[in-house]
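Here are my notes on the model, point by point. Please read them with the structure open.

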Amino acid sequence: MNKKIINLFLAFSLSLFVFTACSNDDDKDLVLEKSEVTVDLGGTTTVKITKGNSGYKVTPADATVATATLEGNVITITGVKAGETTITVTDNEKKSATLKVKVATYAEQIAATYNGDLSITLPGGNPEVSKKDIVLATSGEKVKLTLANFSFGDTALGDIVVDEIPLTKAEGTVTLTETVATVKLKIGETEINAKVTITGTVSTKVKKANLAVATEQVLDLTISVTEVPDLGSIAVTFSGAKKAS
């Protein structure tokens with residue numbers, strides 16, 4: 001009799017253990033496919049919930065920086081203002097996960113070194129084309145442009161550096177707003193103050209390589225260098241792709 005009672009007790013304990021283990025298995029941790037993301041200002045990106053207990057909710061810490069919407073297990077984040085914030089995700093079992101979000105400025109989106117064709121045309125002359133690098137660096141929410149070792153023929157004039165170029169963006173294209181600056185250049189040993197006007201765009205264009213279609217970030221520029229002694233105006237254009245970092 002006592003043996004039967006002991007066996008029943010052991011069977012009950014085992015079933016209780018199995019039930020508890022199964023219950024714990026059903027109560028899953030909430031897991032996201034990423035712990036942090038960067039989204040372009042005005043752009044969107046998505047993050048999947050890879051594990052959880054359904055009934056998900058998303059709450060941005062600062063909706064003025066980034067907003068979040070949810071469809072199924074996919075979170076869509078939209079960049080509203082440059083900066084950083086977090087998004088908290090919760091589920092039915094009160095499990096939670098935090099996603100760090102950085103919203104990149106237009107300047108951060110295009111800051112890079114671009115390599116391509118630089119065309120220089122002197123008054124009454126033919127274009128002189130060479131491969132050159134142009135660097136765009138962040139300057140707050142604007143950009144700083146550097147064209148090092150600017151020259152034509154055997155004449156070296158130095159570096160063209162123009163800072164604080166304002167940016168706008170529409171339909172995926174970032175525009176470098178027309179900016180005029182006075183730049184110190186050199187002709188021989190003589191320093192000159194040239195007037196430099198810059199306009200341009202950075203856009204994503206399709207390229208073809210090895211029969212595979214891909215995209216690349218392309219910088220197109222028009223640079224006018226005027227008030228150059230004995231020369232007058234120098235017309236410069238550039239088209240080049242972002243170099244791999």
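1. What does the accessible surface of the chain come to, and what percentage of it belongs to carbon and sulfur atoms? The surface is about 14,500 Å², and 51% of that belongs to carbon and sulfur atoms. Areas come from the Shrake-Rupley method with a 1.4 Å probe; for residues, only the protein chains shown count as cover.

2. Ground rules. This is a predicted model, in which local features need pLDDT of at least 70, side-chain atom pairs count only at pLDDT 80 or more, and totals for chains, interfaces and linings use all residues. Residues are numbered from 1 along each chain as its sequence is written, and side-chain values use heavy atoms, with hydrogens and water left out.

3. Overall make-up. The chain has two helices and 17 strands. These are DSSP runs numbered from the N terminus: helices are H or I with at least four residues, strands are E with at least two. Of the 245 residues, 32% are buried (under 20% relative accessible area, with exposed over 50% and partly exposed in between; 1.4 Å probe, protein chains only). Among contacts (heavy atoms within 4.5 Å) with a separation of 6 or more, 49% link residues 24 or more positions apart.

4. The mixed sheet. Four strands form an open sheet in the order β2-β8-β7-β4, with mixed pairing. The twist averages 25 degrees from one strand to the next (axes are lines fitted to C-alpha atoms, for helices over the stretch in contact, with angles from 0 to 180 degrees between N-to-C directions). Strand β4 runs antiparallel to β7 (residues 83-90), and four bridges join them. Two strands pair if DSSP finds at least two bridges between them. V58 has V89 in β7 as its bridge partner.

5. The antiparallel sheet. Another four-strand open sheet has the order β1-β3-β6-β5, with antiparallel pairing. Here β1 (31-32) and β5 (66-71) are at the edges; each has a single partner strand, so one side of each lacks a neighbour in the sheet. Two bridges join β1 to β3, and V31 has K51 in β3 as its bridge partner. Five bridges link β3 and β6. Six join β5 to β6 (residues 74-79). I75 in β6 stands opposite L70, and V47 also stands opposite I75.

6. The loop at N53. N53 lies between β3 (44-51) and β4 (57-60). Is N53 buried or exposed? N53 is buried, with a relative accessible area of 11%. Its side chain makes a polar contact with the side chain of D91 at 2.9 Å. A polar contact is a pair of N or O atoms within 3.5 Å; within protein, one must be able to donate a hydrogen and the other to accept it, and residues adjacent in sequence count only if both atoms are side-chain atoms. A polar atom of the N53 side chain also lies 2.6 Å from the backbone oxygen of K28.

7. The loop at T64. T64 is in the loop between β4 and β5. T64 is partly exposed, at 44% relative accessible area. Its side chain makes a polar contact with that of D62 (2.5 Å). Setting aside neighbours within four places in sequence, T64 is in contact with V80 and K81. T64 and G79 are 15 residues apart in sequence and 8.8 Å apart in space, C-alpha to C-alpha.

8. The cores. The largest nonpolar core has 36 residues. A core is a set of buried Ala, Val, Leu, Ile, Met, Phe, Trp, Tyr and Cys residues joined through side-chain atoms within 4.5 Å. Those with the most contacts inside it are I110, F150, L176, L221, V225 and I234. Another core lies apart, with 20 residues, among them L41, Y56, A66 and V101.

9. The hairpin. Strands β11 (residues 142-152) and β12 (residues 155-165) pair in the antiparallel sense over seven bridges. L147 has I160 in β12 as its bridge partner. Two residues separate the strands of this hairpin, and G153 in the turn has a positive phi of about 60 degrees.
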